[in-house]
Amino acid sequence: QVQLVESGGGLVQAGSSLRLSCAAAGRTLPSYFLGWFRQAPGKEREFVAGIGYASDTTYYAESVKGRLTISRDNAKNTVYLQLNSLKPEDTAVYYCAADQNRQFRLAPKWGQGTQVTVSS
């Protein structure tokens, strides 16, 4: 059973940067797609970024392209999300996800989430 634990969220000003981390316990992740989703107040959870097994494939939501970067370190069983040029509309709870399906529709595992709040 995979357990995911996010960290790195916080309260920052617009234009700032944050780096979120998600560490996995219980099972190694190299065979999984890893990703980040977010959920803003009153909105549905939305996909943000995903990364393939060997970091050779990354894909992003159009709304975050150029500002967010996903990466992974399989030796540390960890996935990261670098958030740059943050905007107030990036305020949300950010969740990491692991699945053997690229679109996270097979049997995704979720972390508990980490809050990111961007003030204007």
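Figure 1. S21 has its place in strand β3, which covers residues 18-25, where strands (E, at least two residues) and helices (H or I, at least four residues) are DSSP runs numbered from the N terminus. The model shown here is predicted, so local features need pLDDT of at least 70 and side-chain atom pairs count only at pLDDT 80 or more, while totals for chains, interfaces and linings use all residues. Residues are numbered from 1 along each chain as its sequence is written, and side-chain values use heavy atoms, with hydrogens and water left out. With a relative accessibility of 18%, S21 counts as buried, a class that means under 20% relative accessible area, as against exposed at over 50% and partly exposed in between, with a 1.4 Å probe and protein chains only. Leaving aside residues up to four places away in sequence, S21 touches V5, E6, S7, W36, T78, V79 and Y80, a contact being heavy atoms within 4.5 Å.

Figure 2. Strand β5 spans residues 46-51 and holds G50, a buried residue whose relative accessible area is 0%. When residues up to four places away in sequence are not counted, the residues touched by G50 are L34, G35, T57, T58, Y59 and I70. The C-alpha atom of G50 is separated by 6.4 Å from that of W36, although the two residues are 14 residues apart along the chain.

**Figure 3. Close-up of the nonpolar cores.** In soluble globular proteins, nonpolar side chains tend to be buried together. A nonpolar core is taken here as a set of buried Ala, Val, Leu, Ile, Met, Phe, Trp, Tyr and Cys residues joined through side-chain atoms within 4.5 Å. The largest such core in this model has 28 residues, and W36, V79, L81, L83 and Y94 are those with the most contacts inside it.

Figure 4. Side chains of opposite charge can pair when their charged atoms come close. A salt bridge is counted when a side-chain nitrogen of Lys or Arg lies within 4 Å of a carboxyl oxygen of Asp or Glu, and a search of the whole structure finds 4 of them. R38, E46, R67 and D90 are linked in a network of such bridges. Between E46 and R38 the closest N and O atoms are 2.7 Å apart; E46 counts as partly exposed, at 34% relative accessibility, whereas R38 is buried, with a relative accessible area of 7%. R38 also forms a salt bridge with D90, where the closest N and O atoms are 2.9 Å apart. This pair links distant parts of the chain, since R38 belongs to strand β4 (residues 33-39) and D90 to the loop between β8 (78-83) and β9 (92-99), 52 residues apart. D90 is buried, with a relative accessible area of 1%, and the side chain of D90 meets that of R67 in a further salt bridge, at 2.8 Å from N to O. Here too distant parts of the chain are linked, with R67 in the loop between β6 (58-60) and β7 (68-73), 23 residues from D90.

**Figure 5. Close-up of the largest pocket.** About 180 Å³ of space lies in this pocket, and of the 14 residues that line it, R38, A40, K43, E46 and E89 are the closest to its centre. On a 1 Å grid over the protein atoms alone, where a 1.4 Å probe is used, a pocket is an open set of points with protein on both sides within 12 Å along at least five of seven lines, and lining residues have an atom within 4 Å of a point. The volume is the space filled by probe spheres set on the points, which are joined across faces, edges and corners. By class, the lining has 3 nonpolar, 3 polar and 8 charged residues, with Asp, Glu, Lys and Arg counted as charged, Ala, Val, Leu, Ile, Met, Phe, Trp, Tyr, Cys and Pro as nonpolar, and the others, Gly among them, as polar.
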